[in-house]
Amino acid sequence: MRVFLFGKLSAHAPCAPDHLPYQGLQYSKAEYEDLQASLTRPIGEWNCRHVAYPIVLGVSGTANSKEELAEMERYSNEKIEIDGHEYTRYECTQLQRKLDMEMRKANFSHKAVQVLRFSRRRCIIIK
Ligand SMILES: [Zn+2]
């Protein structure tokens, strides 16, 4: 038996469509490098939540059954209707992220305006 020490990708749901086919699987070093080279968004970058765990290929068991991975895929692609538009659960997470970012920007802008108003008052007082 040939034993390679390399990795197994973690799995989660909802998962981005570009990483969904690859999560939860085991890879040799060469397979993992080929996979990384083939992806526009490599594993571990740009808000990817996947982690490659070290394993002994051919010896280590799988953390997720095929049924569990299939359920994660079904859940990730499940359609949700919001304001008359259909989104997958994964797309919903991206909408939520976008809304969170807009709220942070608005909060920052509000704080910036407060600082400017305070600074203007200070300027008036100094004059
Ligand atoms: Zn990922």
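Two strands count as paired if DSSP finds at least two bridges between them, and here strand 4 (residues 79-82) and strand 5 (residues 85-88) run antiparallel and are joined by four bridges. Helices (H or I, at least four residues) and strands (E, at least two) are DSSP runs, numbered from the N terminus. Please keep in mind that this is a predicted model: local features need pLDDT of at least 70, side-chain atom pairs count only at pLDDT 80 or more, and totals for chains, interfaces and linings use all residues. Residues are numbered from 1 along each chain as its sequence is written.

**Overall layout**

- The protein holds three helices and five strands, and from the N terminus on the elements run β-β-α-β-α-β-β-α.
- Of the 127 residues in the protein, 11% are buried; a residue is buried if 20 or more other C-beta atoms lie within 10 Å of its own, exposed if 12 or fewer, and partly exposed in between, with C-beta atoms placed from the backbone.
- Among contacts with a separation of 6 or more, 61% are between residues 24 or more positions apart; two residues are in contact if their C-beta atoms, placed from the backbone, lie within 7 Å.

**The hairpin of strands 4 and 5**

- Two bridge pairs to look up are Glu81 with Glu86 in strand 5, and Ile80 with Tyr87 in strand 5.
- Two residues lie between the strands of this hairpin, where Asp83 takes a positive phi near 50°.
- As background for the bridge pairs, side chains in a regular strand alternate between the two faces of the sheet.

**Backbone features worth a look**

- Most residues other than glycine have a negative phi, and most peptide bonds are trans.
- The peptide bond joining Ala13 and Pro14 is cis, with omega about 0°, and Pro14 sits in the loop between strand 1 (4-9) and strand 2 (26-27).
- Trp46, although not a glycine, has a positive phi of about 50°; Trp46 is found in the loop between helix 1 (29-38) and strand 3 (52-57).
- Trp46 is exposed, because 9 other C-beta atoms lie within 10 Å.
- Asn47 is not a glycine either, yet has a positive phi of about 65°, and Asn47 also lies in the loop between helix 1 and strand 3.
- With 9 other C-beta atoms within 10 Å, Asn47 is exposed.

- Met72 belongs to helix 2 (residues 66-77) and is partly exposed, since 19 other C-beta atoms lie within 10 Å.
- Although Met72 and Pro14 are 58 residues apart in sequence, their C-alpha atoms are 6.8 Å apart in space.
- Leaving aside residues up to four places away in sequence, Met72 touches Ala11, His12, Ala13 and Cys15.
- Arg89 has its place in helix 3 (residues 89-126) and is partly exposed, with 16 other C-beta atoms within 10 Å.
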